[in-house]
Every structure is written in C-alpha cells, then in structure tokens.
Amino acid sequence: MNDIMEKKQEQKIRTVQPACSICEDNGQVQVRLEMPGVDKDGIEVSVEKNELVIRGRPTINVTEGTYLIRERQTGEYIKRFIIDETIDRDKIQAVMNDGILQITLSVKETAKPRRIEIK
C-alpha cells in the first residue's frame, strides 16, 4: 500500500529522468547519471526489492518570467533500474562529483564466470 501511495505522490511532483550511461568492466557495473544542480545531500539512492532507485532534488532556484529558450527541464530527478540477484547489494557505492552521480555495482563472486582447469 505504501508503494502505491509513494508512486502517486511522485506523479504529483514534476519528475525528470537524468541522462545516464552504464558500463560493465571487470565484474563491476558503473552507472553515471547527470544531475545538475543537485548536491550530495539532495540525493537518495536505495534498493527496493529488485530495483535500484535514485532520487535527486536540485537546489537551483527556477527563474520566474517568460523563457525565450529553455532547454533544461526542471523538477526532481528520478531513475529506476531493475537489478538481479547477481548484484551484491551490500557493496553498492555512490559518489557525487560536479553534478555527476556515479554508482558502482559489484557482481557477486559466485555469478562471475570462472575458468575450469582441465586435468
């Protein structure tokens, strides 16, 4: 029930999906999200069941008046990713630097490919 209420509340607030890139290398998945105007105190990263959920509140004040050009969307950032059981939830790390949030997901050792020695 709380999930339904939370999703309805999210719909009332204008949300923006941040630009994102995902890269896998050496058993780690790097997720990078562009979140201009958000500092680390305005970000929440959580794992809810099988979802990685990222929320960010910008601290930039929206200028009132008539815009002649407005390319940047305003609102709260929200992005959701499905993660499977191969991700080690205890080793998820997040770092914010210059408007870029980098999240590192580690693949469990048991899920990594291994080479079988032939005797």
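Glu48 is partly exposed, with a relative accessible area of 25% (buried means under 20%, exposed over 50%, partly exposed in between, with a 1.4 Å probe and protein chains only). This is a predicted model, where local features need pLDDT of at least 70, side-chain atom pairs count only at pLDDT 80 or more, and totals for chains, interfaces and linings use all residues. Residues are numbered from 1 along each chain as its sequence is written, and side-chain values use heavy atoms, leaving out hydrogens and water.

**Salt bridges**
- The whole structure holds five salt bridges (a side-chain nitrogen of Lys or Arg within 4 Å of a carboxyl oxygen of Asp or Glu).
- Glu48 pairs with Arg55, their closest N and O atoms being 3.6 Å apart, and Arg55 is buried at 14%.
- Glu51 and Arg80 also form a salt bridge, at 2.9 Å from N to O.
- That pair links strand 5 to strand 6 across 29 residues (strands are DSSP runs of E, at least two residues, numbered from the N terminus).
- Arg57 bridges to Glu76 at 2.8 Å, and Arg57 is exposed at 51%.
- Shared partners join Glu44, Glu48, Glu51, Arg55 and Arg80 into one network.

**Around Phe81**
- Phe81 lies in strand 6 and is buried, with a relative accessible area of 16%.
- Beyond its neighbours within four places in sequence, Phe81 has contacts that include Leu33, Asn50, Glu51 and Ile54 (contact means heavy atoms within 4.5 Å).
- Phe81 and Asn50 sit 31 residues apart in sequence, yet 8.4 Å apart from C-alpha to C-alpha.

Terms used: Helix = DSSP H or I, 4+ residues; strand = E, 2+ residues; numbered from the N terminus.
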